[in-house]
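Dear colleague,

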Amino acid sequence: MKQKRQKCLDLPGYFVLSAAIGLNTITFAHAQATDPNTAVAERGHYLAIAADCAACHTAPSSNKPFAGGYGIASPLGSIYSTNITPSKKYGIGNYTEKEFAHALREGIRRDGAHLYPAMPYTSYTKLTDDDVHALYVYFMTSVKPVESRPQKTELPFPYNIRASMAIWNALFLDDTRFKPDPSKSVKVNRGHYLSYALAHCDTCHTPRNAMMAEKGSSPLAGASLSSWYAPNVTSDPVSGIGGWSNDDLVRYLKTGDVPGKAQAGGPMAEAIEHSFQYLSDADIRAMVAYIKQVPAISDSKDKAPRDSYGKISDRESFYRALPASRIGRGEYLFSGECAACHRPTGQGSPDGYYPQLFHNTALGAPIADNLITTILMGVRREVNGHTTYMPGFGPGSYVDSLSDQDIADISNYVEQRFGNPNVKVTPDDVKLIRSGGPKPLIAQLGAFTVPAMIGAALIFAIAILFFIRLSRKAKA
């Protein structure tokens with residue numbers, strides 16, 4: 001089990017975006033520090049929390065904040081986070097502010113090597129100069145150097161050729177700063193900046209193309225995230241969160257638990273544990289204001305809102321009197337592995353610690369990825385000093401290690417009884433999730449990836465030259 005990571009419980013609750021400069025930076029409303037660098041470092045501390053740096057750059061069970069070593073699952077293999085403490089030997093202690101900004105916004109290290117976009121520089125590129133400066137001051141003056149080298153990322157060929165990222169960046173990186181939309185309110189602009197430039201919500205919730213670049217035409221419409229699935233969070237009332245109230249969304253971002261709707265697991269639980277729960281109420285409500293007005297994108301597979309499916313089961317009194325031979329295999333496994341916590345009725349525990357299974361987005365989704373992953377990996381999040389925990393049933397489980405067939409049977413039972421009856425789970429579905437989830441084309445191409453990227457870059461360059469020639473002819 002992970003040890004508790006460094007928390008920031010003593011943060012002032014007075015951080016707001018400065019309307020005076022168009023919300024291009026986060027600042028104190030009541031900062032009274034006499035040392036300008038102290039105030040800047042404190043602001044950088046808050047920004048680092050909003051950007052969720054600790055979640056990836058602090059390894060599980062580690063008491064060394066920002067020392068790296070966290071393995072980030074990707075379709076290409078595990079990418080290990082780096083040491084971003086001010087250690088001059090193993091971290092970023094020798095970085096100038098310009099080099100720090102270069103890494104943060106363009107994904108290029110001090111030595112010129114490219115970072116993989118598991119480090120969300122594609123979002124951080126929107127950060128303002130003032131916020132990059134504050135982050136730099138914080139990491140260089142307030143973070144303790146850790147003199148240790150984290151595990152090295154070793155992706156298989158050809159993904160280990162970091163120089164290939166130069167082509168990917170040329171094709172897909174939008175290296176521009178955030179600009180407030182004058183047609184939107186101060187609150188919505190603030191939420192937009194927080195959600196994209198800092199919290200990088202788009203990196204998980206926006207679908208990606210065959211080359212793993214975000215599809216700008218479908219912002220926040222939902223995407224596979226290795227074994228997990230980051231759902232549609234646009235304003236669509238069926239496919240997205242349009243039917244959620246503002247208070248529902250605030251509660252979810254602050255706690256990860258909205259009874260009768262959803263509970264956070266996986267990367268979202270990490271974001272809540274290490275970031276969102278510490279943001280000011282004003283900033284969380286600004287993010288909600290932004291998310292609620294994101295243009296709706298619907299999915300034809302969604303027939304009803306994900307939290308609308310299911311009802312309390314009346315099976316408990318019925319099958320207590322039946323022999324095991326009269327109970328389906330999925331129900332039999334559920335009664336032995338799940339019912340003690342979630343109850344045979346699906347109501348969960350009376351105190352709400354174990355959630356109800358009906359009216360639950362994990363079971364009402366049109367695909368079962370999150371249900372399967374939850375069974376395999378379990379759930380853990382810590383909010384306000386309270387830990388929510390469900391053990392996983394994957395390899396090495398201290399409860400039971402279930403087979404693909406077992407998990408498929410349980411999934412089909414709970415989907416039929418408490419969730420979306422249109423969803424059917426096969427052992428192959430479980431096997432796919434167990435192996436890391438669906439693979440995009442770039443991961444399937446293997447050795448052909450680099451030639452494909454070079455070809456795409458050449459086609460892009462030829463297209464530009466073609467349009468330049470047409471433009472010149474038109475002027476002539």
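**Helix packing**

Helix α16 (residues 369-377) packs against helix α18 (residues 427-434) at an angle of about 70°, the two axes being 10 Å apart. This makes α16 roughly perpendicular to α18. The model is a predicted one, in which local features need pLDDT of at least 70 and side-chain atom pairs count only at pLDDT 80 or more, while totals for chains, interfaces and linings use all residues. Residues are numbered from 1 along each chain as its sequence is written, and side-chain values use heavy atoms, with hydrogens and water left out.

Some terms apply throughout. Helices (H or I, at least four residues) and strands (E, at least two) are DSSP runs, numbered from the N terminus. Axes are lines fitted to C-alpha atoms, for helices over the stretch in contact, and angles run from 0 to 180 degrees between N-to-C directions. Angles under 35 degrees count as roughly parallel, over 145 as roughly antiparallel, 65 to 115 as roughly perpendicular and the rest as oblique.

The crossing of α16 and α18 is right-handed (the near helix is turned clockwise from the far one by less than a right angle). On the α16 side, Asp369, Ile372, Thr373 and Leu376 meet Asp429, Val430, Ile433 and Arg434 of α18, where contact means heavy atoms within 4.5 Å. By class, the residues of this contact are 4 nonpolar, 1 polar and 3 charged; Ala, Val, Leu, Ile, Met, Phe, Trp, Tyr, Cys and Pro count as nonpolar, Asp, Glu, Lys and Arg as charged, and the others, Gly among them, as polar.

Helices α3 (residues 97-106) and α5 (residues 129-141) pack at about 110°, with axes 10 Å apart, and are therefore roughly perpendicular. Their crossing is right-handed. Glu97, Phe100, Ala101, Leu104 and Arg105 of α3 meet Asp129, Val132, His133, Leu135, Tyr136 and Phe139 of α5. This contact comprises 7 nonpolar, 1 polar and 3 charged residues.

Helices α13 (residues 329-337) and α17 (residues 404-418) pack at about 95°, with axes 8 Å apart; they too are therefore roughly perpendicular to each other. Among the residues making the contact are Leu333 and Phe334 of α13 and Ile410, Tyr413 and Phe418 of α17. The division here is 6 nonpolar, 2 polar and 4 charged.

**The second largest pocket**

The second largest pocket holds about 460 Å³ of space. Of its 21 lining residues, Lys126, Asp174, Tyr196, Asp202 and Glu214 are the closest to its centre. Two or more lining residues come from each of α4 (121-124), α6 (164-172) and α7 (186-198). The lining has 8 nonpolar, 5 polar and 8 charged residues. On a 1 Å grid over the protein atoms alone, a pocket is an open set of points where a 1.4 Å probe fits, with protein on both sides within 12 Å along at least five of seven lines; lining residues have an atom within 4 Å of a point.

**Backbone features**

The peptide bond from Phe157 to Pro158 is cis, with omega near 5°, and Pro158 lies in the loop between α5 and α6. Arg343, although not a glycine, has a positive phi of about 70°.

Yours sincerely

Definitions and conventions:
Points joined across faces, edges and corners; volume = space filled by probe spheres on them.
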